[in-house]
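Subject: Structure handover and findings

Hello,

Here is the structure I said I would pass on. Please open it alongside this note. My findings follow below.

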Amino acid sequence: MTEKAAVLLPARRPLGIYVVAGVVALEALALAAATVWAIVSAISTPQVSIASGVFLIVLLAAMAAAMSAVAVNAFKGMRWTRSAAFVWQLLMVALAVPALMEGFTVLGLVMLLPAVAAAYYLFTPTVVAFTQRTAADGAGTAVL
């Protein structure tokens, strides 16, 4: 790591990094649970289209793996994770608002509140400063 980069990076992780990495990790766990549920459902019930069932399982597993990589690398302070985490939080808000409007208050709030908290912390100055690391800075390589 260069001297300039060492001066710019905070010495310890800010609270926002714990919030962002924790929220994204919980979302990755939810995607993994949905993958298991899709597998059990595909095995236990008759399928209209086997190809669409397999596609759903592969898509859910890939998203769970991708979000796990985002969570781990956000905790490390990698720069690229901020955009991936923010886009995912926008998608969560886009799913939560219709759920709230349809009367699924608990489900909507479970999706909305962590997404809003993570999106807020992604733009705080301490998190932005901490997430200026790249693989070239000696922070390690990306897990993805």
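Helix α2 (residues 15-44) and helix α5 (residues 105-122) have axes that come within 9 Å and cross at roughly 140 degrees. The two helices are therefore oblique to each other. The cut-off for roughly antiparallel is over 145 degrees. The crossing of α2 past α5 is left-handed. On the α2 side, the contact is made by Leu15, Gly16, Val19, Val20 and Val23. On the α5 side, Pro114, Ala117, Ala118, Tyr121 and Leu122 take part. By class, the residues of this contact are nine nonpolar, one polar and no charged.

Please keep in mind that this is a predicted model.

**Overall fold**

The protein chain has six helices and zero strands. Along the sequence the pattern reads α-α-α-α-α-α. The chain has 144 residues, and buried residues make up 32% of them.

**α2 against α3**

How do the axes of α2 and α3 cross? They come within 8 Å and cross at roughly 165 degrees. That makes α2 roughly antiparallel to α3. Here too, α2 passes in a left-handed crossing. The contact of α2 with α3 has 23 nonpolar residues, two polar and one charged.

**α2 against α4**

Helix α4 covers residues 81-101. Its axis and that of α2 come within 11 Å and cross at roughly 60 degrees. That makes α2 oblique to α4. The roughly perpendicular range runs from 65 to 115 degrees. The crossing of α2 past α4 is left-handed. From α2, the residues involved are Val20, Val23, Val24, Glu27 and Leu31. They meet Ala85, Trp88, Gln89 and Met92 of α4. The residues of this contact divide into seven nonpolar, one polar and one charged.

**Gln89**

Gln89 lies in helix α4. Is Gln89 buried or exposed? Gln89 is buried, with a relative accessible area of 2%. Leaving out residues up to four places away in sequence, Gln89 touches Val23, Val24, Glu27, Pro114, Ala115, Ala118 and Ala119. One distance to check is Gln89 to Met111. Their C-alpha atoms are separated by 9.1 Å, at 22 residues apart along the chain.

**Leu113**

Leu113 lies in helix α5. At 51% relative accessibility, Leu113 counts as exposed. The cut-off for exposed is over 50%.

**Aromatic pairs**

How many aromatic pairs are there? The count comes to three aromatic pairs. Two of them are described here.

Tyr18 and Phe75 form an edge-to-face pair. Their ring centres are 5.5 Å apart, with 70 degrees between the planes. The pair links distant parts of the chain. Tyr18 is in helix α2 and Phe75 is in helix α3 (residues 50-76), 57 residues apart. Tyr18 is partly exposed, with a relative accessible area of 46%. Phe75 is also partly exposed, at 30% relative accessibility.

Tyr120 and Tyr121 form another pair. Their ring centres are 5.2 Å apart and their planes are at 70 degrees, so the pair is edge-to-face. Angles over 60 degrees count as edge-to-face. Tyr120 is exposed, with a relative accessible area of 54%. Tyr121 counts as partly exposed, at 23% relative accessibility.

Best regards

Terms used:
Residues numbered from 1 in each chain as written. Predicted model: local features only at pLDDT ≥ 70, side-chain atom pairs only at ≥ 80, totals over all residues. Heavy atoms only, no water. Axes fitted to C-alpha atoms, helices over the stretch in contact; angles between N-to-C directions. Helix = DSSP H or I, 4+ residues; strand = E, 2+ residues; numbered from the N terminus. Parallel < 35°, antiparallel > 145°, perpendicular 65-115°, else oblique. Left-handed = near helix turned anticlockwise from the far one by under 90°. Contact = heavy atoms within 4.5 Å. Nonpolar A, V, L, I, M, F, W, Y, C, P; charged D, E, K, R; others polar. Phe/Tyr/Trp six-rings, centres within 6.5 Å; stacked < 30°, edge-to-face > 60°. Buried < 20%, exposed > 50% of the residue type's maximum accessible area, 1.4 Å probe, protein only.
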